[in-house]
Amino acid sequence: MTSSIRPKTIALATIGALTTGCLAYAIYFDHKRRTDPEFRKALKREAKRIAKAEKEEAEENAGRQQQTIRSLVSSAQEEGFPSSVEEKETYFMTAVGRGETLCTNESTHVEAAFSFYKALKVYPQPGDLITIYDKTVPKPVLDILADMVAFDGSLTIGSDAGTVDE
């Protein structure tokens with residue numbers, strides 16, 4: 001009589017061997033971490049190196065984003081904004097609609113903030129619109145918009161200053 005090993009048995013034995021190997025490595029790593037000072041130092045150095053690299057990358061991205069914001073605001077000011085009431089209304093609705101669409105995707109937050117900025121520039125009372133944005137726009141987009149407003153010296157937003165200087 002010949003006996004053959006079932007595939008289910010082979011699969012279970014393989015899973016058991018892999019689980020045992022992973023558990024053995026975890027025990028070895030934990031023992032090494034607890035008892036070997038050089039190993040602990042190496043782990044700390046590696047963690048510091050990674051944290052430093054992440055910090056540098058974040059600073060670099062922030063610098064690039066600031067440059068992008070400056071160029072977008074400058075280009076919008078050079079292009080100009082509509083002057084008639086009907087054109088402003090159409091421009092506003094288009095910009096807000098585009099901003100709402102773009103703010104759903106994290107990779108397009110700068111473009112979304114730029115659309116909201118353009119709408120803000122033609123709105124008759126920018127302070128009121130900022131209050132609305134504060135309630136409806138995601139915080140990352142709102143932060144970028146705040147940078148754009150800060151860079152634009154011609155946009156006055158205040159409790160008693162609801163006009164745009166052009």
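This is a predicted model: local features need pLDDT of at least 70, side-chain atom pairs count only at pLDDT 80 or more; totals for chains, interfaces and linings use all residues.
Helix α2 spans residues 37–79 and comprises 43 residues. From its first C-alpha to its last, helix α2 reaches 63 Å, close to the 63 Å expected at 1.5 Å a residue. At the N-terminal end, α2 is capped by Asp36, a side-chain oxygen of which lies 3.2 Å from the backbone nitrogen of Glu38. The residue that follows α2 is Gly80, with a positive phi near 85 degrees. Within α2, Ile69, Val73 and Ala76 are buried. The cover over the buried residues of α2 includes helix α4 and helix α6, the latter formed by residues 139–151.

Salt bridges were examined next. Side chains of opposite charge can pair when their charged atoms come close. Under the criterion applied, a side-chain nitrogen of Lys or Arg within 4 Å of a carboxyl oxygen of Asp or Glu, the model contains eight salt bridges. One of them joins the side chains of Glu46 and Arg49, with an N to O distance of 2.5 Å. Both residues belong to helix α2, where Glu46 and Arg49 are three residues apart, about one turn of the helix. Glu46 is partly exposed, its relative accessible area being 36%.

A further salt bridge links Lys121 to Asp152, whose closest N and O atoms are 2.9 Å apart. Lys121 is located in helix α4 and Asp152 in the segment after α6, so this pair ties together parts that are 31 residues apart in sequence. Lys121 and Asp152 are both buried.

Asp143 counts as partly exposed at 36% relative accessibility, whereas Lys139 is exposed, with a relative accessible area of 58%.

Lys118 is buried but forms no salt bridge. The nearest side chain of opposite charge belongs to Glu79, at a distance of 4.8 Å; a salt bridge would require the charged atoms to lie within 4 Å. When neighbours within four places in sequence are left aside, the contacts of Lys118 are with Phe81, Tyr91 and Ala95.

Helix α3, formed by residues 85–102, includes Glu100. Glu100 is partly exposed, with a relative accessible area of 49%. The C-alpha atoms of Glu100 and Val137 are 7.9 Å apart in space, while the two residues are separated by 37 residues in sequence.

Finally, the cysteines were considered. The structure holds zero disulfides. Cys22 is exposed, with a relative accessible area of 56%, whereas Cys103 counts as buried at 14% relative accessibility.

How values were computed
Residues are numbered from 1 along each chain as its sequence is written. Side-chain values use heavy atoms; hydrogens and water are left out. Buried means under 20% relative accessible area, exposed over 50%, partly exposed in between (1.4 Å probe, protein chains only). Lys and Arg count as positive and Asp and Glu as negative; His and the chain ends are not counted. Contact means heavy atoms within 4.5 Å. A disulfide is a pair of cysteine sulfur atoms within 2.5 Å. Helices (H or I, at least four residues) and strands (E, at least two) are DSSP runs, numbered from the N terminus. The expected span of a helix is 1.5 Å times one less than its number of residues. A polar contact is a pair of N or O atoms within 3.5 Å; within protein, one must be able to donate a hydrogen and the other to accept it, and residues adjacent in sequence count only if both atoms are side-chain atoms.
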